[in-house]
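Take a look at the model first.

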Amino acid sequence: METENTTIDAPAPSRARRALSLILWGVFAFVCLLSFTLLKLPEERIRNLVQGGISSALADRGIGFSANEGRISIGLGISYVMKGVTLTPPPPGEPAKIEKAVISPSILPLFLGRLGGTLRLEHGKGYLKASVSRRKQDISATVHASAFDLGKTGLFPLLAELQGSTLLSGDVTIQGDPSVPSTLTGSVSIGLSDIVIDSQSISGFTIPRLSVSEGKVDVEVDKAKATLKTLRLGKKGSATDDLTGTVSGNVALGRSWPSSTLNLKAEFGLSQKLLKAYSLLDALLGAGKRADGSYAYAITGPISAPMPAPAAQP
């Protein structure tokens, strides 16, 4: 009795699968080539290349840069690790110091024509990680922070142009052309804790030390509109918060930032310490004062020239 041998031919791989395989092998080869090239380059040359580029970029803003240590790290990817980073703003600003900074280039987006990378800052138990890619004028950016101390690092004055501190946690996702607000989409969900504004002189006026226990920002950006789901400072009725308040409404995003228009309502309260420091403040805000001593204003008009008006009583 003859036995018939049956052969089942495996289906030939599709064109898409072959293309994907070629791309993946190409990425693998590129990463290997880049890794071997970096390994052969002298450490000093790499350090001068990376840190020199950072110094040049920050110099345009008048900020000096230095790092006590810098090295290449090759693990799951290629990164440049710096320790003891110092950012020095123009006088009279104080230097900002960060324990550790890691910069990693993004390889895969290169095959889609996008340039990008990841920056991770670490200080104490907190960290901040930002990933950005760019194609022509469009950017795609994500930021995640966990108990990152803007005070101890000294980054608060660089970001807010005020002497102070706070702990930052939360996430930001944004896509589009930053120069054309109406193209932006994304969300902001940020929490602040232990907010302190140090006593200082602003525009010739000396402000006392101010403290706010917490803050929360939740914003959705879509279809040329930024909707403020939550914008809150302090706790209503708190005896220790020097400033409490909420802002609600939206911003209609135009083709430029100055042409974008506000439709907001702000309700806030000021501590006696703040009112005593500025004796005319209550008189200036008197039109929007309510029976409980708080203030409420509607803010409309273009961002370049906002128009506040007393809000109607609830």
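The protein chain exposes about 19,500 Å², by the Shrake-Rupley method with a 1.4 Å probe, and carbon and sulfur atoms supply 60% of that area. This is a predicted model, where local features need pLDDT of at least 70, side-chain atom pairs count only at pLDDT 80 or more, and totals for chains, interfaces and linings use all residues. Residues are numbered from 1 along each chain as its sequence is written, and side-chain values use heavy atoms, leaving out hydrogens and water.

Of the 314 residues, 30% are buried (under 20% relative accessible area, 1.4 Å probe, protein chains only). The chain holds five helices and 16 strands (DSSP runs of at least four residues, H or I, for helices and at least two, E, for strands).

| Strand pair | Sense | Bridges | Example partners |
|---|---|---|---|
| E7 (residues 164–176) and E8 (residues 185–197) | antiparallel | 11 bridges | Leu168 and Leu192 |
| E8 and E11 (residues 210–222) | antiparallel | 11 bridges | Gly191 and Lys216 |

Strands E12 (225–233), E13 (243–252) and E14 (261–270) and helix H4 (272–277) each supply at least two lining residues.

Conventions. Buried means under 20% relative accessible area, exposed over 50%, partly exposed in between (1.4 Å probe, protein chains only). Two strands pair if DSSP finds at least two bridges between them.
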